[in-house]
Amino acid sequence: MVRCRGLDSIVGAITSDGTQLLRAGRPWRFVLANAYYLADEVGQGNPEHATEALDDAVALGLPVVRTWGFNDAPWKESRMQDDLSTPHEPGLRALDFVVAEAGKRGLRLILPLADYWPSYGGIAQWLAWRGTPVADADRAHPERYAARFFADRQLRDAYAARVRQLAARRNTLTGARYGEDATILAWELMNEPREAPEDWIAFAAETVRAECRQLISLGDEGARDSPDVDLASLHFYPEKQGATRGDEERFGCAAITAAARAVTRPFIVGEFGLRGDGLPLPERQRAYAAWLACAADEGVAGIGPWLLGYASRPPEWDEQFTFHAGGDYDATLRDAAQLFS
């Protein structure tokens, strides 16, 4: 089993006994905020959107924020690279800002290093840069081309080079080296890497571990118990995953319980959600409270809903999963934060 190495953190060393996270020798757990868009907003000239979301996480008592550590979209000025080997400095400076502002607030970050999905370029863009583009009709269906990405040796080399570049980078605002920055709690090898074979996971984890002191997660949806990573990961959305109306609460608790009892390492529910235009609000609040309580009872290391939005962020941008501080889930999340503290 991989053992998590110590990390000199902003609030104490984080280690692992192999099944739970520890801070100063005591179990440490958290409720997290998802705000994937932070560096993108900064790179588009809207840093106030990022700082507002970070302030909201603090106000809700959520000490960890999960946000993209990649941006492979050539059409965005906020992109973090121009091709497989060329960093895009404006986009990286936007990430510098996010990490620096999180650190000022005593927050920790979980940063995925790449994306399965094409919204920010994803593995489709990597294949295009490789010279083996994905057909337009297939782009929204990564399962049709993921095997090409994971098996390609040149793309593995490019992934390793990206990790080395980012790990070695010194934040232009704080001077901290990314691979040692205590504000970064963990790196996810990829956001939701469906079909990732074991040899790719082993390669990617070894690459990150060689360059970074922080924890490592696969970032998957299914709580794969890989021996190569420090943290297991689960994402669930009952309405998307076929739960019948009225069974959402049970569905989520069953998913959490099954995963928590199957994995042999600290376990994080990195995403969950119910549509704002689906169940009535009281039923959604009860489901969220039940899932958070279930996670606490099962010893889950961390859990957080999708998606914390800044005040002016339209809910429809995220399929009606967006919520805001000062709104529907404040009491639910604050109560959960106390359970996990």
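**A first walk through the chain**

Tutor: Happy to. The protein chain has 10 helices and 13 strands, and keep in mind that this is a predicted model.

Student: What is the radius of gyration of the protein chain, and what would a compact globule have?

Tutor: The protein chain has 19 Å, while a compact globule with 341 residues would be near 20 Å, so the two agree. Along its principal axes, the C-alpha trace spans about 50 × 50 × 40 Å.

Student: How much of the chain counts as buried?

Tutor: Of its 341 residues, 58% count as buried.

Student: What share of the contacts comes from residues 24 or more positions apart?

Tutor: Counting contacts with a separation of 6 or more, 72% are between residues 24 or more positions apart.

Student: Switching to charges: how many positive and negative ones are there?

Tutor: There are 37 positive and 50 negative charges, and their mean positions are 4 Å apart.

Student: Let's go inside. Which residues touch the most other members of the largest nonpolar core?

Tutor: Tyr159, Leu189, Trp200 and Phe267 do, in a core of 99 residues. Helix 9, residues 281-297, gives this core its largest share, with eight residues. There is also a second, separate core of 13 residues, which includes Ile14, Leu21, Trp28 and Ala301.

Student: What is Trp200 in contact with?

Tutor: Leaving aside neighbours within four places in sequence, Trp200 is in contact with Phe149, Phe150, Arg156, Tyr159, Leu189 and Met190.

Student: Tell me about Phe149 then. Is Phe149 buried or exposed?

Tutor: Phe149 is buried, because its relative accessible area is 2% and the cut-off for buried is under 20%. Phe149 sits in helix 5, residues 146-151. Not counting residues up to four places away in sequence, Phe149 touches Ile123, Trp126, Leu127, Leu155, Met190 and Trp200.

Student: How far is Phe149 from Thr132?

Tutor: Their C-alpha atoms are separated by 9.7 Å, and the two residues are 17 apart along the chain.

Student: And where is Asp152 found?

Tutor: Asp152 is in the loop between helix 5 and helix 6 (153-168). With a relative accessible area of 13%, Asp152 is buried too. Its C-alpha atom is 9.1 Å from that of Leu127, a residue 25 positions away along the chain.

Student: How does Gln320 count in terms of accessibility?

Tutor: As partly exposed, because its relative accessibility is 24%, and that class runs between the buried limit of 20% and the exposed limit of 50%.

Terms used: Residues are numbered from 1 along each chain as its sequence is written. This is a predicted model: local features need pLDDT of at least 70, side-chain atom pairs count only at pLDDT 80 or more; totals for chains, interfaces and linings use all residues. Side-chain values use heavy atoms; hydrogens and water are left out. Helices (H or I, at least four residues) and strands (E, at least two) are DSSP runs, numbered from the N terminus. The radius of gyration is taken over C-alpha atoms; the globule rule is 2.2 Å times the number of residues to the power 0.38. Buried means under 20% relative accessible area, exposed over 50%, partly exposed in between (1.4 Å probe, protein chains only). Contact means heavy atoms within 4.5 Å. Lys and Arg count as positive and Asp and Glu as negative; His and the chain ends are not counted. The place of a charge is taken as NZ of Lys, CZ of Arg, CG of Asp or CD of Glu. A nonpolar core is a set of buried Ala, Val, Leu, Ile, Met, Phe, Trp, Tyr and Cys residues joined through side-chain atoms within 4.5 Å.
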